[in-house]
Amino acid sequence: MEVGEDTHKAANFYCVPLQDFTPDEGRYDVIWIQWCIGQLPDDDFISFFNRAKIGLKPNGFFVLKENIARNGFVLDKEDNSITRSDAYFKELFKKCGLYIHSIKDQSDLPKELFAVKMYALVTEKPKIQKNGKRRRPKNSPRMIRS
């Protein structure tokens with residue numbers, strides 16, 4: 001296969017509210033959610049991830065990139081978005097049956113802006129080997145680069 005071929009480009013674009021979107025079963029290695037999950041209240045957040053899990057191939061994963069509040073959450077009354085804290089996200093991930101594979105902080109942001117984190121999330125609890133390290137499936141995320 002030639003590197004220049006268009007075999008890895010996006011093929012489908014959906015104009016559907018996130019709270020209504022359900023992906024095709026077993027279609028995706030990665031589902032990337034960036035700066036949009038803050039538009040969903042907690043119930044829709046949980047419902048979305050529960051529906052979206054069926055869209056992952058075996059050993060597939062989610063990447064969630066979002067602004068992070070220092071504590072609890074911050075509600076933006078202009079656009080009705082919610083910025084959640086790291087602890088808040090982790091609690092929601094548990095409610096979705098998701099496990100954190102890795103976390104990466106966005107660097108070099110101005111101090112007056114929210115912090116930004118990227119979470120690689122998997123649907124199965126990572127297995128621990130005898131040496132105490134997690135066993136990585138073949139196509140698991142190695143590093144999230146910003």
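**View 1. Polar contact between the side chains of Ser81 and Asp79.** In this predicted model, the side chains of Ser81 and Asp79 form a polar contact at 2.7 Å (a pair of N or O atoms within 3.5 Å, one able to donate a hydrogen and the other to accept it; residues adjacent in sequence count only if both atoms are side-chain atoms). Ser81 lies in strand E4, residues 81-84 (strands are DSSP runs E of at least two residues, helices are runs H or I of at least four, numbered from the N terminus). Ser81 is buried, at 10% relative accessible area (buried means under 20%, with a 1.4 Å probe and protein chains only). Beyond four places in sequence, Ser81 touches Gly38, Gln39, Val74, Leu75 and Asp76 (contact means heavy atoms within 4.5 Å).

**View 2. Packing of helices H1 and H2.** The axes of H1 and H2 come within 9 Å and cross at roughly 50° (axes are lines fitted to C-alpha atoms over the stretch in contact, with angles from 0 to 180 degrees between N-to-C directions). Asp42, Phe45, Ile46, Phe49 and Asn50 of H1 meet Tyr88, Phe89, Leu92, Phe93, Lys95 and Cys96 of H2.

**View 3. Surroundings of Phe45.** Excluding neighbours within four places in sequence, Phe45 contacts Ile37, Leu40, Arg84, Phe89, Leu92, Phe93 and Cys96.

**Notes.** Residues are numbered from 1 along each chain as its sequence is written. Local features need pLDDT of at least 70 and side-chain atom pairs pLDDT 80 or more, while totals for chains, interfaces and linings use all residues; side-chain values use heavy atoms, without hydrogens and water.

How values were computed: Buried < 20%, exposed > 50% of the residue type's maximum accessible area, 1.4 Å probe, protein only.
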